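Hi everyone, thanks for coming.

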Amino acid sequence: MNSSLKVPLSTKLKPEQNHFAITIAPLCIAEIYTLADNPANGAVVVMSGMVRNQTDGKSVVALEYQAYQPMAIKVFEQISREIRTQWPEVETVVIHHRVGRLKIGEISVLVAIGCPHRSEAFEACRYGIDTLKHTAPIWKKEHWADGSSSWVSIGACEEQ
């Protein structure tokens, strides 16, 4: 009697490798890359969203982010499921978002995708950040050089 059963490759389930976080701590590209790295990857694509010094020609001095963390993490999990449905070869999904007051040049969000092939990694990463910006309960307040400020509502995304 043969005690080793051969399971067809198509029925083996690979464990999902995800890492999601909402944090007040500064975000580190090297850390996110390491979390997304995997020996099965031929590509790791990292998208880094940073605080820029202007919006629509108006000078920005800082951004402030707030999030409903439990729901945001659930949204990150849903985004990962959608990515894995659309790009089944994706090995790793990492989404980290920072909250609090951020200065110009600081990283506010990192999305990293590890995948055997670069085209799928690029597509999945773009889908991840675009979907996050439209659906995650994360709000941004822009602080202007003139001392005023304004909140940007969820789903208010830049035109492509």
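I'll start with one asparagine and then move on to the nonpolar cores.

A quick word on the model: it is predicted, so local features need pLDDT of at least 70 and side-chain atom pairs count only at pLDDT 80 or more, while totals for chains, interfaces and linings use all residues. Residues are numbered from 1 along each chain as its sequence is written, and side-chain values use heavy atoms, with hydrogens and water left out.

So, where is N38? You'll find N38 in the loop between α1 (29-36) and β2 (43-50); helices (H or I, at least four residues) and strands (E, at least two) are DSSP runs, numbered from the N terminus. N38 is buried, with a relative accessible area of 10%; buried means under 20% relative accessible area, with a 1.4 Å probe and protein chains only.

What does the N38 side chain reach? It makes a polar contact with the side chain of Q17 at 2.6 Å, and it comes to 2.7 Å from the backbone nitrogen of A40. A polar contact here is a pair of N or O atoms within 3.5 Å; within protein, one must be able to donate a hydrogen and the other to accept it, and residues adjacent in sequence count only if both atoms are side-chain atoms.

Now the cores, meaning sets of buried Ala, Val, Leu, Ile, Met, Phe, Trp, Tyr and Cys residues joined through side-chain atoms within 4.5 Å. The largest has 32 residues, and F76 and I95 are among those with the most contacts inside it. Helix α2 gives the most to this core, with six residues. Apart from it lies another core of eight residues, including L27 and V94.

How values were computed
Buried < 20%, exposed > 50% of the residue type's maximum accessible area, 1.4 Å probe, protein only.
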